[in-house]
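Dear colleague,

Please find below a structure that I am handing over to you. My findings follow directly after it, and I would be grateful if you read them with the structure open.

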Amino acid sequence: MSTKVQHQEMEIIKNMRQIPVEDQYLPGHRTCAGCGPALCYKLVGKAAGPDSIFLGPTGCMYVANTSYLCTPFAMPWTHTQITNGGAVASGIEAAYQVLIRKGKYKGKLPNIVVMAGDGGAIDIGIQAASGLMYRGHDVLFVMYDNESYANTGIQTSPMTPFAGKTTFTPPGKAIPEGKKTFPKDAAQCFIGGHPALKYVATASVGYPVDLINKVRKGLNQKGPAFVHIHSPCPKGWIFDAKQTIRVAKDAVECGMWVNYEWENGEYKYQHIPKTYKPVKEFLKGQERFSHMDEEMITKMQAFITAKIKTPGKPIELPVLGPREEA
Ligand SMILES: Cc1ncc(C[n+]2csc(CCOP(=O)(O)OP(=O)(O)O)c2C)c(N)n1
Ligand code: SF4
Ligand SMILES: [Mg+2]
């Protein structure tokens, strides 16, 4: 007779005082001062707790966290290739299911969490992430989004905003805006094509209680969940390391980022301001946008204005590809 798989029930918190004191992500790593993804790791670790297995596809949060004989991870953690976080997590989850059912592992199913960068989630890693979600593995896939391939020198990724300067999109005479395309909508990519997906949310390191609760709701599903977390990167976006939280909140207050949940086919929104600030407020503190002229800012504002009408859903505005003329 097979043993029934028991799941952990993660508690939903009401305020900052209820955030666990216990850390799974400890000091002793080499991320830059003010690193948003490091804060993201700390908060997701607190949310998931010690009975967890974390997977780190190649990226800043692997490389800067794993100096020889030194690790900040208090929970079990493994590196994966940047391409295959979803595949490795699927195998770990399937193995635990079998071990528990055969009575060879006595505990509850651990919280299995992939912590992928935007490259490891929605670009190079999308095939394995999609496979995991399609097959319905009981795994939380987190995408910490610093809007670039940061670890290899701040190269453009599909999450880099329009006009974002990176080492692969330098603004110049030929391409004054630097990056010509608008970013992918990661949550929409996954929601749209994965019938077994249970829960999708967007969160920001600027709103830690909301972030922790979304991670826990994702973990409480008996199946795959995806949480996309906005994580400002002072080195890549070029702003003062003290301003990480301010930049994260500016993104929400200007509509560059919207916090929402998708559950049972329904959308719920959080932190929607009464009146959005102009996107200029978000752009002005970051050197990566310093080359933008009024025409580029107007184009960016039009995209954001269209997007915040129906966050999480396709935008109404036609967006041209890089080789199409207006
Ligand atoms: C198949 C493959 N292509 C490229 C690389 C080189 N590479 C290592 S880390 C990295 C950047 C990862 O970007 P992201 O997933 O967004 O994480 P971040 O570094 O921004 O935290 C790249 C391109 C690799 N390791 N494997
Ligand atoms: S480059 Fe960005 S993401 Fe990478 S460690 Fe530095 S601040 Fe963090
Ligand atoms: Mg990245």
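Predicted model: local features only at pLDDT ≥ 70, side-chain atom pairs only at ≥ 80, totals over all residues.

Helices (H or I, at least four residues) and strands (E, at least two) are DSSP runs, numbered from the N terminus. Two residues count as being in contact if their C-beta atoms, placed from the backbone, lie within 7 Å.

Residues are numbered from 1 along each chain as its sequence is written, and chains are lettered from A and ligands numbered from 1 in the order in which they are written.

Two strands are taken to pair if DSSP finds at least two bridges between them. Strand β1 (residues 52–57) pairs with β2 in the parallel sense over four bridges, and Leu55 stands opposite Thr78 in β2.

Helix α7 has 13 residues, which should span 18 Å at 1.5 Å a residue; its end C-alpha atoms are 18 Å apart, which agrees. The expected span is 1.5 Å times one less than the number of residues. Of the 13 residues of α7, 10 are buried, and the helix is mostly covered. A residue is called buried if 20 or more other C-beta atoms lie within 10 Å of its own, exposed if 12 or fewer, and partly exposed in between, with C-beta atoms placed from the backbone. Among the buried residues of α7 are Pro208, Leu211, Ile212 and Val215, and also Lys214, Arg216 and Lys217. The buried residues of this helix pack against α1, β3 (111–117), β4 (140–145), β5 (199–204), β6 and β7 (259–263).

In helix α5 (residues 126–135), the buried residues include Ile126, Leu132 and Met133. The buried residues of α5 pack against α3, α4, β4 and α6. Gly136 follows α5 and has a positive phi, near 80°.

Residues in loops

Gly223 lies in the loop between α7 (208–220) and β6 (225–230). With 14 other C-beta atoms within 10 Å, Gly223 is partly exposed. Not counting residues up to four places away in sequence, Gly223 touches Gly136, Asp138, Ala196 and Lys198. Gly223 and Lys198 are 25 residues apart in sequence, yet 6.3 Å apart in space, C-alpha to C-alpha.

Most residues other than glycine have a negative phi. Ala163, in contrast, has a positive phi, near 70°. Ala163 is placed in the loop between β4 and α6 (186–193) and is buried, with 25 other C-beta atoms within 10 Å. Ile238 also has a positive phi, near 60°. Ile238 belongs to the loop between α8 and α9 (244–254) and is partly exposed, with 15 other C-beta atoms within 10 Å.

The two ligand shells

A residue is counted as near a ligand if its C-beta atom, placed from the backbone, lies within 6 Å of it. Ligand 1 is surrounded by 19 residues, of which the closest are Gly59, Cys60, Gly117, Gly119 and Asn151. Helices α2 (60–63) and α4 (118–123) each supply at least two residues of this shell, and the largest share, three residues, comes from α4. The shell around ligand 1 divides into seven nonpolar, 11 polar and one charged. Here Ala, Val, Leu, Ile, Met, Phe, Trp, Tyr, Cys and Pro count as nonpolar, Asp, Glu, Lys and Arg as charged, and the others, Gly among them, as polar.

Ligand 2 is surrounded by 13 residues, and the closest are Thr31, Cys32, Cys35, Cys60 and Cys233. The elements that give two or more residues to this shell are α1 (36–48) and α8 (234–237). Its residues divide into nine nonpolar, three polar and one charged.

With kind regards
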